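Subject: Structure for you to look at

Hello,

Here is the structure I promised. Please open it alongside this email.

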Amino acid sequence: MGNYNFEAPIVDLLREIEDLSIYSDRPETAERIERLRDKLTRFRKEIYSRLNPWQITMVARHPQRPYTLDYIQRLFTDFMEMHGDRKFSDDPAIVGGMANFEGRPVMVIGHQKGRDSKQRIYRNFGMPNPEGYRKALRLMKFAEKFHHPIITLIDTPGAYPGIGAEERGQSEAIALNLREMARLKVPTIAAVIGEGGSGGALALGVADRVLMLQYSIYSVISPEGCASILYRDTGKAEDAAQNLHLTSADLMNLGMIDEVIPEPLGGAHADWEAAAGLLKQAIQRHLVEVSKLHWNDRTHSRYDKFRKMGFFQE
């Protein structure tokens, strides 16, 4: 799953605290646990204040990081999952459905990775096929019909590059989502909660507001893919990560996203509830702002937002 050596001191302390918690009823043990927790806080502050882009990539991919369904459980009520693209099949790598958000009906859609081996295979490691993107678009059109805002949660290494996916029109499905998301009349909020990989992420990311969790990544290609193309050596993925400017801070400086959402000390995987609370506050704030706009102004603003990205030279 990746090299997490930088987290080794944190893991050791957590293990020690867990072992001692059996005897926490003893005063001397309780005091020692308290000292270890203070030390854990210091370690987390120190380590997470100096992460490099490759280490942030590892945090974004952390196997214990909350996924879309984990956030749906904590942010929304009355979630009713909807299945199928009405053309080929259902794609478990993308989940979506109607739900209530702060008392308001919305459509929530996101990539879903698997927590264990069985789930990872079932969810295809969060890499959607064309039917996943067509399902997402069907749900967006459904939401637009009933004037419900759309919230997307992005967390994918990228669209699945298999032969079947290409035969069924992977690039066309992604391109259609980009065009149709730009035209949606309802408010749209996208949040990168882990990995934002290439067009596979952008197919859910053409929104009025694009947010990123602090230790998430968003890039045209994975560091490994970039290294294999530029350096012919995947071992240079760390160098590629440095040059891709894929961190939330980089993308905020480049004007590619609208807000960096802070994560709990030690990353979202250290405290799911706190991470969900911070994400909820940001989504609610931006949803209120974009909902005040007339749909025509909103679609024009969304279009202009993406047209202005990047620098062109003739």
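Below is what I found, starting with the helices. Bear in mind that this is a predicted model.

Helix pair α10 and α11
Helix α10 covers residues 223–230 and helix α11 covers residues 237–244. Their axes come within 8 Å and cross at roughly 105°. Angles of 65 to 115 degrees count as roughly perpendicular, so α10 is roughly perpendicular to α11. On the α10 side, Pro223, Glu224, Cys226 and Ala227 make the contact. Ala237, Ala240, Ala241 and Leu244 meet them from α11. By class, that gives 7 nonpolar residues, 1 charged and no polar.

Helix α13
Helix α13 runs over residues 272–291. With 20 residues at 1.5 Å each, α13 should span 28 Å. The C-alpha atoms at its ends are 28 Å apart, so the two agree. Its buried residues are Ala275, Ala276, Leu279, Ala282, Ile283, His286, Leu287 and Val290. Seen down the axis, these fall within an arc of 135°, so they line one face of α13. The face turned away from that buried side carries exposed Glu273 and Gln281.

Two backbone angles to check
Most residues other than glycine have a negative phi. Asp78 has a positive one, near 55°. Asp78 sits in strand β1, residues 77–81. Asp78 is exposed, at 60% relative accessible area. His245 also has a positive phi, near 55°. His245 lies in the loop between α11 and α12. At 42% relative accessible area, His245 is partly exposed.

Best wishes

Notes: Residues are numbered from 1 along each chain as its sequence is written. This is a predicted model: local features need pLDDT of at least 70, side-chain atom pairs count only at pLDDT 80 or more; totals for chains, interfaces and linings use all residues. Side-chain values use heavy atoms; hydrogens and water are left out. Axes are lines fitted to C-alpha atoms, for helices over the stretch in contact, and angles run from 0 to 180 degrees between N-to-C directions. Helices (H or I, at least four residues) and strands (E, at least two) are DSSP runs, numbered from the N terminus. Angles under 35 degrees count as roughly parallel, over 145 as roughly antiparallel, 65 to 115 as roughly perpendicular and the rest as oblique. Contact means heavy atoms within 4.5 Å. Ala, Val, Leu, Ile, Met, Phe, Trp, Tyr, Cys and Pro count as nonpolar, Asp, Glu, Lys and Arg as charged, and the others, Gly among them, as polar. The expected span of a helix is 1.5 Å times one less than its number of residues. Buried means under 20% relative accessible area, exposed over 50%, partly exposed in between (1.4 Å probe, protein chains only). The arc is that of the directions from the helix axis to the C-beta atoms.
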